[in-house]
Amino acid sequence: MTQQIFINLAVQDLPRSVQFFTQLGFSFNPQFTDENATCMIVSDSIYVMLLTQARFSDFAPKAICNSHEANEVLICLSCESREAVDSLVEKAINAGGNTYNQPQDHGFMYGHGFTDPDGHVWELAYMDMSQLPG
């Protein structure tokens, strides 16, 4: 059995979040979608549950932080190329997200990122394994 991961994020406006991530090219599983939650498909084994704050609170043992002011998590997705990193950041900005830094080029690794409308940090990285040090 392939292990799966479900990342759960609290969002202020679920339709806005769905629209944002749809513009980035993600799709959603309708079996796990209602007015309180949706399941964003990242890959065959990685999913992001976007939950209204009320629904998130049903599961979370602690208060929801304001992700515009504090980091609750850094989500990093791998990309197939530098161009794919830049393209996804550009889509995020065009869809209403923001960047929080400049692209980082470490030779073997290239990264950039964005924040979604709820302030969650999404890092994107391309690693050229042939350029790894050592």
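Modeller: Start with strand 3 (residues 37–41) and strand 4 (residues 46–52), which run antiparallel and are joined by 5 bridges. This is a predicted model, where local features need pLDDT of at least 70, side-chain atom pairs count only at pLDDT 80 or more, and totals for chains, interfaces and linings use all residues. Residues are numbered from 1 along each chain as its sequence is written, and side-chain values use heavy atoms, with hydrogens and water left out.

Colleague: What makes strand 3 and strand 4 a pair?

Modeller: Two strands pair if DSSP finds at least two bridges between them. Here 5 bridges join them, so they pair. In one of these bridges, C39 has M49 of strand 4 as its partner. Strands themselves are DSSP runs (E, at least two residues), numbered from the N terminus.

Colleague: Which order do the strands of the sheet take?

Modeller: The order is 1-4-3-2, in an open sheet of 4 strands with mixed pairing. Strand 1 (5–11) and strand 2 (27–29) are the edge strands, as each pairs on one side only.

Colleague: How many disulfides does the structure hold?

Modeller: It holds 0 disulfides. C65 is in none, with the nearest cysteine sulfur, that of C76, 19 Å away.

Colleague: Why is C65 called partly exposed?

Modeller: Buried means under 20% relative accessible area, exposed over 50%, and partly exposed in between (1.4 Å probe, protein chains only). C65 has 28%, so it is partly exposed. C76, at 48%, also counts as partly exposed.

Notes:
A disulfide is a pair of cysteine sulfur atoms within 2.5 Å.
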